[in-house]
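Please open the structure in your viewer and keep the selection tool at hand.

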Amino acid sequence: MASQSNFVYGWIYSDGNIISDAVEGVKYDRKMTRLVKLDFSLKYQDLLNLLYAKLWMDAAVYKLNICRRFLNPVTNQFELAPMYDDDDVEFMFETVLDSANRNFFVDYVEKVTIGLGQSSNEVVQISTSHYTSTSSQSSKKLRISESVGGSGDFSSASSSRLLYMTRVDSDGNSRGSSEYRDEDIPFYRSFDGASMVASFDEPIMQKGGNILNPTELENGMVFETKEDLLNVLKNVHVANHLEMKVVKSNSECLKVECKRKTTSCVWMLRARKRKSHNYFEIMETKGPHTCLNPNMTQDHCNLNSSNIAQVIATQIAADPGVSDKVLEATAVSHFGYRPSRRKIRHARKKLEKSLFKSSEESYGYLPFFMNALQSFNHGTHVDWHFKEHDLGLPITEVARFKRVFWAFKPCIDAFPHCMPVLLIDGTHLYDKYHGVLLTATAVDGFNHLIPVAFAIVEAENIASWSWFMDRVKKKVVLRRRDVCVISDRHAGIISAMNNPELGWHEPQGHHRFYARHLAANFGKEFKGGLKDRIVALCSQLTGPKFTMHWNALLAIEPRAEEWFADKALKHWALAFDDGKRFGIMTTNFAESWNNAIKASRKLPITALVKSIFYKVVEYFDQRRLEIENQSIDGNEFTKHATTILNRWKKRASGHHVKVFDRDTWVFEVTTMRRGQKGGNKQIVRLMERICTCNKWQTYHIPCSHVLACCANQNIQHTSLVSEWYRLDNARKVYATPFEPLPHEDVWPILDGFPKVVADDEMITKKPGRKKSTRYKNEMDFQASRKSKRTSSGASSSVP
């Protein structure tokens, strides 16, 4: 047979099923996926090895049983004949040479799992064409693959082109390219690099298993668009550490050559748009590359945002807020190069435009998404406010968006088991339509944040903050009392907290300020670097220490007394807080959440809400896992509380305890002197849960003085730890599960709700590129005191 021809080409059809047809007989039910090239000298074992390679199967796991499909001349229907040895393979090739038969044959492969007896049909059709060549090169045998055996080479450019443009259509008829229908054209995307089995005697470009990285590009390959061809070319050159440049590019043709053509590398590729099928086809190639890339760089000139976008698309679709660092790591892992952050951002921008709806469409889509959230997560609350409400106009079929509030049911159920503290903050959005995302964040016993309520509003003002705080009170806090709200001194928040109609006034609620916001405001009024002193003043735990720092501040800036005159001590001084704020003095909790969704803030509104939903789901899953791991270790309290207790137990070992009243458990505790520190006396009243150091009242965890008294009297100190830090209570925080959202096709129909459109007055009109990071202000400074970091990104001020 080898004297008559060299090889045959065909397509592999895999992962299909053998079906019976009353007219045709047996046939397959899959479309073509890969190209296969068979030498007529191929043996049965070589054919098996080739099929294992083409179907990406492990010979140690699967056994392949091959059957040949042939036409029965009596019934004129296709039947199956098993193939066991070299004779069967030789007879199969003879049918190709027999002019009385069709120019194609079909093999079926049954995949059997070794040792399990489980099988599934892998349908393989090899549509082949027979070639002969009189050139000197055609006498060489093709080297199919090192794993298959044999050797060979391409015969010529003309025969290679014939390989791709003379094909067998879906009806089994051979056609030229001019006869091809659009649906029959086997675009390059139909197979991957593993099917490009031909290699050169000294291969420059390595074989790759990725669909965008073939062994070599050949004449006759068809691409749907010029961009598809360019993406493949760039992936090939990046994978093989080569560089190319575009010489000519327009709507009809494309020519590229080696970037180092001046160094005698002759590689070149030319493609044009064929009128016969209206797609780009490779018309001429020269090569391979004979150059070496002398540049030692982490980036690659042919690696652009389009190539990166193909790799990170699934990550962006799953989590629109995924960080640039994660995307960069994915690109490095895939390409072996570290693209610039600029390329990563451009790739993200392209994907966001293609994956998510436009800014205008997103507003109309938001009600459907919110309705799905409420339908599949029962108890989730959503509240709308349209511009027509402010204007006193009736809501018709179309409503202009102004605000939306939502709280997930698991978050609503979690808040009663969290500390009675809410941290509220607003962060600007950077989509085409500006706005502000308001967030109410709770804190669990692990000292972790839990976002419990959200709202997107037109701006931070008295009306928007009052609207938000009213819904937080009615839908999240409910009847819970003594909830402490910590915020900055925004006029809208202060107005909402002082409004008796909203129900946040004492004793139902308490308002406290962040120390750094207060210091930033003080720094605007008085120069001289006094912001650190203000933070230290706010953070003092006892009255005497507060007085000492206060006098030191007045000695430097006497006008400070007037500035603080209208600010109640309990709002900003920890020593006079009465334990309402659990020692939380900084904005780190709120800022940590804002940083977690930073990438999502520039997305269209529905994509933003969706990103927040999946981010909160991820938070809940991580916390449940952390709780279970600590439960296995036999811990009674959260890691945060356990760490504080262990630190204070070490201090308690050096304290001296005197009992003053055993009936009411009153003690005097003298601390051990360590250099210039220590030697202090503290009064502990266990029955009243008071220690004059104020740590027990502030953090609701027994201080070292209390632990020393408990050890002196053999009292179990665990009963003195606040319930918020118990592991059993922490488990209740995350008890309510989230329900996943199914495909949009099964979402419930939203009837009777107006079509929501964006308000044109909210369009960002600032010139230049939009900023995703705010400008630094007076509050952006590092406190001189080193803070310890928690896993949530919030700092702990526990001494």
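Predicted model: local features only at pLDDT ≥ 70, side-chain atom pairs only at ≥ 80, totals over all residues.

The expected span of a helix is 1.5 Å times one less than its number of residues.

**Stop one: helix 19**

Select residues 605–632, which form helix 19. How far does helix 19 reach from its first C-alpha to its last? The 28 residues reach 41 Å, close to the 40 Å expected at 1.5 Å a residue. Just after helix 19, select Gly634, which takes a positive phi of about 80°.

**Stop two: from helix 19 to helix 23**

Now select Glu628 and Arg731, whose side chains meet in a salt bridge with 3.6 Å from N to O. Glu628 belongs to helix 19 and Arg731 to helix 23 (residues 727–733), so the pair ties together parts that are 103 residues apart in sequence. Both ends can be coloured by accessibility: Arg731 is partly exposed at 32%, and Glu628 is partly exposed with a relative accessible area of 40%. Salt bridges can also share partners, and in this way Asp383, Asp470, Arg471 and Lys474 are joined into one network.

Select residues 449–457, strand 21. Is this strand buried or exposed? Nine of its nine residues are buried, so strand 21 is largely enclosed by the rest of the structure.

How many salt bridges does the model hold? The count comes to 25. Two of them can be selected now.

Select Glu257 and Lys245, which form a salt bridge whose closest N and O atoms are 3.8 Å apart. This pair links distant parts of the chain, with Glu257 in strand 14 (residues 253–258) and Lys245 in strand 13 (residues 244–249), twelve residues apart. Glu257 is buried, with a relative accessible area of 8%, whereas Lys245 is partly exposed at 38%.

Then select Lys409 and Asp413, whose side chains meet in a salt bridge with 3.1 Å from N to O. Both residues lie in helix 10 (residues 409–414), four residues apart, about one turn of the helix. Lys409 is partly exposed, with a relative accessible area of 28%, and Asp413 is partly exposed with 24%.

**Stop five: the cysteines**

How many disulfides are there? The count is zero. A disulfide would require two cysteine sulfur atoms within 2.5 Å. Select Cys418 and Cys411: the sulfur of Cys418 is 9.1 Å from the closest cysteine sulfur, that of Cys411, which is too far for a bond. Cys418 is buried, with a relative accessible area of 0%.

Finally, select Cys710 and Cys709. The closest cysteine sulfur to that of Cys710 is in Cys709, 6.9 Å away, again too far for a bond. Cys710 counts as buried, at 2% relative accessibility.

Conventions
Residues numbered from 1 in each chain as written. Heavy atoms only, no water. Buried < 20%, exposed > 50% of the residue type's maximum accessible area, 1.4 Å probe, protein only. Helix = DSSP H or I, 4+ residues; strand = E, 2+ residues; numbered from the N terminus. Salt bridge = Lys/Arg side-chain N within 4 Å of Asp/Glu carboxyl O.
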